[in-house]
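Open the model in your viewer and keep the selection tool at hand. Each stop below says what to select and what is there.

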Amino acid sequence: MAAFGKKYEDMLAAINRLSRREKFMVGGLAISFVAFVGFLVSMWVSSVLGGLERRIDDKTGKLQQMLDMRQQFEQAKLARKESEKRIIKARGIQLMGTLETQATQLGIDTKDMKMVPRSSASTPESRIEEKKVEVEIPHITIDRLVDFLDQIERKSESIAVRKLHIRKSFRDPGQLDVRFTVSKFQMKKEEKPAAPEPGAAKAH
């Protein structure tokens, strides 16, 4: 401590020996040095704050993405539940019977109409399966076809026309030969667990 005090006194003595001009020069150098150090410190602080702000913005953006995805997931889950409710409500509708009834009401000759069931479609993770019927109608006008397709889809929200092929009839250019696929969506039947075999003994 004494050594530090002596050095301080020697420095003051050296400064006192300087001329006024030299004192101004030393003071200017000291101020410039302090300003330079202050500039470096401010640059370092600004860099640190800038990096921190970028990290905060990045985390905020990721958090917002997570919230958006969560909201989309909840909306999709709600939409699926609503769809399942509509499908369950229409479970008593028989697809082929509905098609025949709608055709008869519109005056379409069902004797010429062919309906062929196709294999069902579904995915293992889905609770919904798609029942399909391929329909062929020869000699039908465009107006009656439009009415028929419209009535099919109006019957139930679980029924939809999936594919449609149209060509002019060779016999009558004013009529069409059409083939289309109609799907009915329904809930999968839950598989019951296999019953234990009669008389099966439990191992001890």
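## First stop: helix α4

Helices are DSSP runs of H or I with at least four residues, strands are DSSP runs of E with at least two, and both are numbered from the N terminus.

Before going on, note that this is a predicted model: local features need pLDDT of at least 70, side-chain atom pairs count only at pLDDT 80 or more, and totals for chains, interfaces and linings use all residues. Residues are numbered from 1 along each chain as its sequence is written, and side-chain values use heavy atoms, with hydrogens and water left out.

Now select L145, F148, L149 and I152, which are buried in α4; buried means under 20% relative accessible area, and partly exposed covers what lies between buried and exposed. These residues cover an arc of only 90° around the axis, so they are on the same side of α4. The arc is that of the directions from the helix axis to the C-beta atoms. The buried residues of α4 pack against α3, β2, β3 and β4, where contact means heavy atoms within 4.5 Å.

Use the distance tool on the end C-alpha atoms of α4: they are 20 Å apart, which agrees with the 20 Å that its 14 residues should span at 1.5 Å a residue. The expected span is 1.5 Å times one less than the number of residues.

## Second stop: the whole chain

Colour the model by secondary structure. The protein chain has four helices and four strands, and from the N terminus on the order is α-α-α-β-β-α-β-β. Of its 204 residues, 18% are buried.

Select the four strands. In what order do they lie in the open sheet? The order is β1-β2-β4-β3, with antiparallel pairing; two strands pair if DSSP finds at least two bridges between them. β1 and β3 are the edge strands, each pairing on one side only. From one strand to the next, the twist averages 15°.

Step through the pairs:

- β1 and β2 are joined by six bridges; look for A121, which stands opposite E130 in β2.
- β2 and β4 are joined by 11 bridges; V135 has F180 in β4 as its bridge partner.
- β3 and β4 are joined by nine bridges; I166 stands opposite V178 in β4.

Stay in strand β2 and select H139. What is H139's phi, positive or negative? H139 has a positive phi of about 60° although it is not a glycine. Most residues other than glycine have a negative phi. With 30% relative accessibility, H139 counts as partly exposed.

Show α3 and α4 together with the strands. α3 lies across β1, β2, β3 and β4 and runs at about 30° to β2. α4 lies across β2, β3 and β4 and runs at about 170° to β3. Axes are lines fitted to C-alpha atoms, for helices over the stretch in contact, and angles run from 0 to 180 degrees between N-to-C directions.

Select residues 95-105, which form α3. The buried residues here are L95, T98, L99, Q102 and A103. They cover an arc of only 130° around the axis, so they are on the same side of α3. The buried residues of α3 pack against β1, β2, α4, β3 and β4.

Select L106, in the loop between α3 and β1. At 26% relative accessibility, L106 counts as partly exposed. Leaving aside neighbours within four places in sequence, L106 is in contact with R144, D147, F148 and Q151. The C-alpha atoms of L106 and Q151 are separated by 9.3 Å, although these residues are 45 apart along the chain. Just after α3, G107 takes a positive phi of about 80°.

## Last stop: the aromatic pair

A search of the whole structure finds one aromatic pair. Select F148 and F180: their ring centres are 6.1 Å apart and their planes are at 75°, so the pair is edge-to-face. Rings of Phe, Tyr and Trp (its six-membered ring) pair if their centres lie within 6.5 Å; planes under 30 degrees apart count as stacked, over 60 as edge-to-face and the rest as tilted. The pair links distant parts of the chain, F148 in helix α4 and F180 in strand β4, 32 residues apart. Both F148 and F180 are buried.

Note on methods:
Buried means under 20% relative accessible area, exposed over 50%, partly exposed in between (1.4 Å probe, protein chains only).
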